[in-house]
Amino acid sequence: MSETSHTFKPKQKRSRYISAIKRLQRYPTTLIGFTIVFLFLIIALFGPLLAPYAYTAQNLPNKLQPPSEEHIFGTDQFGRDVYSRILVGSRDVLSVAGSGTALAVFFGLLLGLFSGYRGGLFDELIMRAMDVILSIPPLLLAMVILFSLGPSRVNVIIIVGFLYIPMVARVVRSVVLDLKTRQFIEAARLRGENSFYILYKEILPNVLPHLAVEASMRFSYSIFLVASLGFLGLGVQPPSPDWGLMVGEGRTWFHQSRWVLFFPAGAIALLVVGVGFMSDGLRRILLPGGVSDA
Amino acid sequence: MPKKVLDARNLTVTYKTEKGLLDTVRNVSLQICSGEIYGLVGESGSGKSTLARAIVRYLPENGFLKEGKIYLGDTDLLNLSKAEMRRVWGKRVTMVHQDPNAAINPSVMIGEQVAEVARTHLKLSKKEARNKALDMLTKVRIADPEVVARRYAHQLSGGMLQRVLVAIAMATNPELLIMDEPTTALDVTTEAVILDLIGDLMRENDTAVLYITHNLGVVARVCSRVGVLYAGEIMEEGSIGQVFKDTLHPYTRGLLGCVPRVNVNKKDISLKAIPGFIPRPDQLPPGCIFAPRCELAEEACRVERLPLKEIDYGHLTACRRNEELKRYGEVVADMREARSETEYGELVLEARNIKKYFPVVGGLSMFEKNRKREVKAVDDITIRVRRSFTMGIVGESGCGKTTFARCIMGLEEANAGEIELEGELLPYSVARRPRDMLRKMQMVFQNPDASLNPQHPVGEAVARPLKLLSSVNKEAIQERVKELFAAVNLPEDYIYRLPHELSGGEKQRVAIARAFAANPTLMICDEPISSLDVSVQASLMNLLVDLQESKGTSYLFISHDLSAVRHLSDWIAVVYLGRLWEIGSAEDVFVPPYHPYTEALLSALPIPDPDIKQESIRLKGSVPSAMNIPSGCRFHTRCPRKLGAICEKEEPPWQCIGYYHQLCCHIPVEDLQALQGEGLLKKERGAEQ
């Protein structure tokens with residue numbers, strides 16, 4: 001549907017955003033969250049440029065060194081610079097977890113919208129299928145599928161997307177169920193709007209804030225899952241500097257050098273906390289009246 | 001001389017907000033004597049609840065008392081510590097809130113909750129407290145206290161719960177009882193019973209009561225003195241007779257003019273709405289705070305604010321022009337030129353024998369074979385609406401009036417019956433109705449907050465039906481929307497606003513504009529004004545009348561508010577438990593002989609005129625469940641004029657009184673006439689002459 005279908009554009013949108021940002025200032029954690037996520041995005045974009053060494057550059061005589069001026073996070077078992085590897089590795093984490101989340105959000109939104117709006121048997125079938133997926137521990141399911149498909153970046157993305165579709169679909173569906181009974185939807189039916197308009201123009205804009213909050217939460221879970229799979233060796237394969245993978249490899253050398261383990265694990269924790277704070281902040285900004293307020 | 005229980009002097013309450021310190025209540029003094037019910041009236045946002053909370057020092061975190069003195073008897077409340085204050089709350093001062101469901105703990109038995117108060121504050125033993133609880137429940141006229149005491153909140157109706165709250169509040173025999181809109185959430189018939197109870201109990205116990213409400217009718221019925229609060233200041237104070245009869249403030253006069261009277265309707269008068277809004281506490285005008293909305297305001301009013309002045313014994317006003325007001329006499333409402341009596345026009349809508357049963361699912365119903373349980377929400381209702389006429393439907397909550405409207409609109413598919421619009425039979429579901437039929441019938445919903453999409457500018461809401469249902473071309477739509485906004489008295493630039501930037505009344509105006517956009521022949525209004533303030537209600541009712549006159553639209557107006565229905569309707573139908581009981585022209589329905597149910601509704605209606613003594617006909621119990629409807633006449637379980645076995649066994653017949661008035665009752669019309677005599681409204685007219 002083209003943009004011109006709106007006869008009246010809201011003029012005040014900007015002031016709405018400004019007041020949202022003002023509200024933000026009252027919650028320092030939110031600001032911290034956004035800053036962390038923003039920093040990691042910058043690192044992911046410019047990682048190789050910022051890194052002092054190539055992430056594959058080996059220097060065997062210099063292996064398992066503690067942090068020093070030359071290698072601020074130390075070196076790993078092949079003498080590679082951990083700092084550079086973490087910088088470059090942020091790409092893997094963010095892109096894999098991000099794409100997985102995007103996949104989950106897209107299909108979850110579609111399923112949730114139609115399931116909630118159509119109702120009846122269709123809704124029942126979809127939701128029971130979602131329950132089936134939810135009833136299996138995610139890591140176990142991911143491992144089983146990856147064992148059979150073989151570990152690869154694309155497969156991890158598909159798995160993450162698949163596993164998180166039910167969560168997103170459930171949230172979207174519950175919001176739609178609530179909105180469906182609102183009187184502005186009934187007014188739309190009374191003037192003979194078709195289902196497409198009602199879903200796309202009346203319901204969807206009211207679902208988006210909830211979706212944004214849910215997506216950011218899913219994102220933090222995806223980071224976990226991607227890191228866990230990497231740790232188990234089922235994710236991105238060496239010599240990629242995936243954080244999970246680095247923790248997994250570093251485990252072997254833990255007694256000789258803690259640094260190989262500490263820094264990638266810290267990076268994961270920091271990112272997850274940052275995304276968590278951000279998602280909390282999004283909820284405060286987008287859904288000020290609480291979760292039930294659509 | 002009754003002793004003074006509460007003496008609050010020059011209270012100023014301040015809130016810390018993002019915009020700095022705001023004085024929400026300014027310089028208010030209140031005195032309440034024992035045995036007196038003091039009514040505090042005001043519209044929403046006038047500071048009623050804030051004032052009440054300040055009096056008992058129960059303000060939220062960000063609020064504090066900037067100035068003032070509060071004495072409860074001889075105790076200076078402001079000198080008490082937190083711990084001492086806690087002994088005052090619940091013992092010497094108690095409170096009854098608006099929403100009984102929120103005030104009662106759902107997981108503790110009713111009796112225990114009453115007993116708990118007696119144990120904590122009266123230091124009674126367990127057994128004594130138990131007896132005290134039963135005693136209190138009996139006092140609030142609960143029929144079976146032993147049984148009710150062992151029930152939980154969800155097993156009792158709203159009216160019963162409110163009685164329990166009164167019992168809890170009265171258990172410690174407090175000196176001061178604060179009631180914050182205790183009957184607002186209840187039906188009229190239940191409200192009347194509770195009001196009777198409050199009146200009797202307080203007089204018996206000599207308690208001082210601060211009664212907060214927005215309903216002038218309720219004040220006139222139970223209170224002895226009244227204070228009118230506006231934007232945090234008292235405008236007028238006096239006895240009921242003084243304030244209602246010799247009104248000395250234009251705001252009070254305005255409020256009284258906003259309430260429709262039961263004895264006149266839109267043909268005789270238009271309501272006098274107060275223009276403008278209550279000023280926000282950060283944007284107070286410099287002079288008299290009511291001046292910007294006052295039609296009597298002169299230059300001096302805009303400059304200087306006068307303190308309350310005692311004009312008559314105990315009668316105070318803040319208006320400098322009160323002398324003139326006195327001379328003015330009663331200008332409660334504009335008389336309007338008598339509307340030309342339209343001939344009974346052609347039929348617009350005919351809904352015949354509409355039935356809507358909702359199946360009861362869930363629980364164990366799936367295991368019960370052949371026992372189809374159903375809620376009979378609408379059970380055989382027939383209604384006709386004629387061109388440019390208003391058909392009013394009244395009934396208590398849960399009587400099926402809204403379901404009926406939704407069946408007609410097609411939002412709910414009827415199970416049986418025929419819906420004919422201008423001679424064409426309509427499909428049950430809105431999805432199967434052709435565009436042209438959709439255009440002819442539109443709806444205004446009850447809740448203005450839910451009826452507009454929060455993400456769309458309000459102009460869009462009005463433009464959509466134009467685009468879909470009318471032949472207006474694209475370029476002209478903007479113009480049409482502007483015209484429609486002008487027609488509902490909204491400024492043009494509101495078109496671009498989002499719903500959250502509008503007040504409740506403004507949102508409802510947009511909803512009305514949206515419904516009128518495609519020029520419908522029939523408009524269904526489902527309680528369109530019930531959630532709004534009286535002054536806003538009045539202006540919306542006027543708007544509806546004006547639009548009907550200029551466009552010739554027919555209305556189906558649904559409400560539980562008898563006076564609003566009486567004001568707007570040409571025809572009235574009374575609904576109870578999914579069925580019609582009386583139908584007739586507006587003049588006839590409210591004049592005897594009427595159906596016993598109509599009679600009870602009328603006698604329960606709070607009328608803002610202390611001179612009218614209504615006969616107290618009160619209904620027993622609550623509305624039976626629509627799942628098992630009583631046999632015979634559905635009303636027999638509560639009917640004050642029940643004849644006997646015949647009412648329980650046989651369905652009553654329809655009887656005609658005159659050509660345009662019918663009712664459904666076993667009692668012959670002549671007997672009803674003899675029983676009801678002159679009726680309420682006749683008496684009222686007599687009182688005026």
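Predicted model: local features only at pLDDT ≥ 70, side-chain atom pairs only at ≥ 80, totals over all residues.
Chain A exposes about 14,400 Å² of surface, and carbon and sulfur atoms supply 67% of that area.

If you read along its sequence, the pattern is α-α-α-α-α-α-α-α-α-α. Of the 294 residues in chain A, 48% are buried. Now take the contacts in chain A between residues at least 6 apart in sequence: 73% of these join residues at least 24 apart.

Next, chain B. In chain B there is an open sheet of four strands, in the order β2-β1-β4-β5, and the pairing is antiparallel. Which strands are at the edges? They are β2 (20-33) and β5 (75-76) of chain B, each of which pairs on one side only. As a reminder, the strands of a sheet pair through backbone hydrogen bonds, and they can be parallel or antiparallel. Look at strand β1 of chain B, residues 4-17: ten bridges join it to β2(B), and the two run antiparallel. To find your place on the screen, take Leu11(B), which stands opposite Val28(B) in β2(B).

Now the place where the chains meet. How many residues does each chain bring to the contact? Chain A brings 27 residues and chain B brings 39 residues. The area buried between chain A and chain B is about 2,900 Å², and carbon and sulfur atoms give 55% of it. Between chain A and chain B there are ten residue pairs in polar contact, counting pairs with both residues at pLDDT 80 or more. On the side of chain A that touches chain B, helices α7 (183-190) and α8 (195-231) of chain A each supply at least two residues. The count of salt bridges between chain A and chain B is two. One salt bridge joins Arg464(B) and Glu193(A), with the closest N and O atoms 2.8 Å apart.

Over all chains, the structure holds 47 salt bridges. I will go through a few of them.

Asp131(A) is partly exposed, at 25% relative accessible area. Arg128(A) is also partly exposed, at 41%.

The next example is in chain B. The side chains of Lys48(B) and Glu181(B) meet in a salt bridge, 4.0 Å from N to O. This pair links distant parts of the chain, 133 residues apart: Lys48(B) is in helix α1 (residues 48-55) of chain B, and Glu181(B) is in the loop between β7 (176-180) and α8 (188-205) of chain B. Are these residues buried or exposed? Both Lys48(B) and Glu181(B) are buried.

One more pair: Lys642(B) and Glu648(B) meet through their side chains in a salt bridge, at 2.5 Å from N to O. Lys642(B) is partly exposed, with 35% relative accessible area, and Glu648(B) is partly exposed, with 34%. Elsewhere, salt bridges that share partners make one network out of Glu346(B), Arg387(B), Glu422(B), Glu424(B), Asp436(B), Arg439(B) and Lys440(B).

That is my part for today.

Key
Residues numbered from 1 in each chain as written. Chains lettered and ligands numbered in written order. Heavy atoms only, no water. Buried < 20%, exposed > 50% of the residue type's maximum accessible area, 1.4 Å probe, protein only. Contact = heavy atoms within 4.5 Å. Areas by Shrake-Rupley, 256 points an atom, 1.4 Å probe, with all protein chains shown as cover. Pairing = 2+ DSSP bridges. Buried area = accessible area lost by both parts, 1.4 Å probe. Polar contact = N/O pair within 3.5 Å; in protein donor to acceptor, adjacent residues only side chain to side chain.
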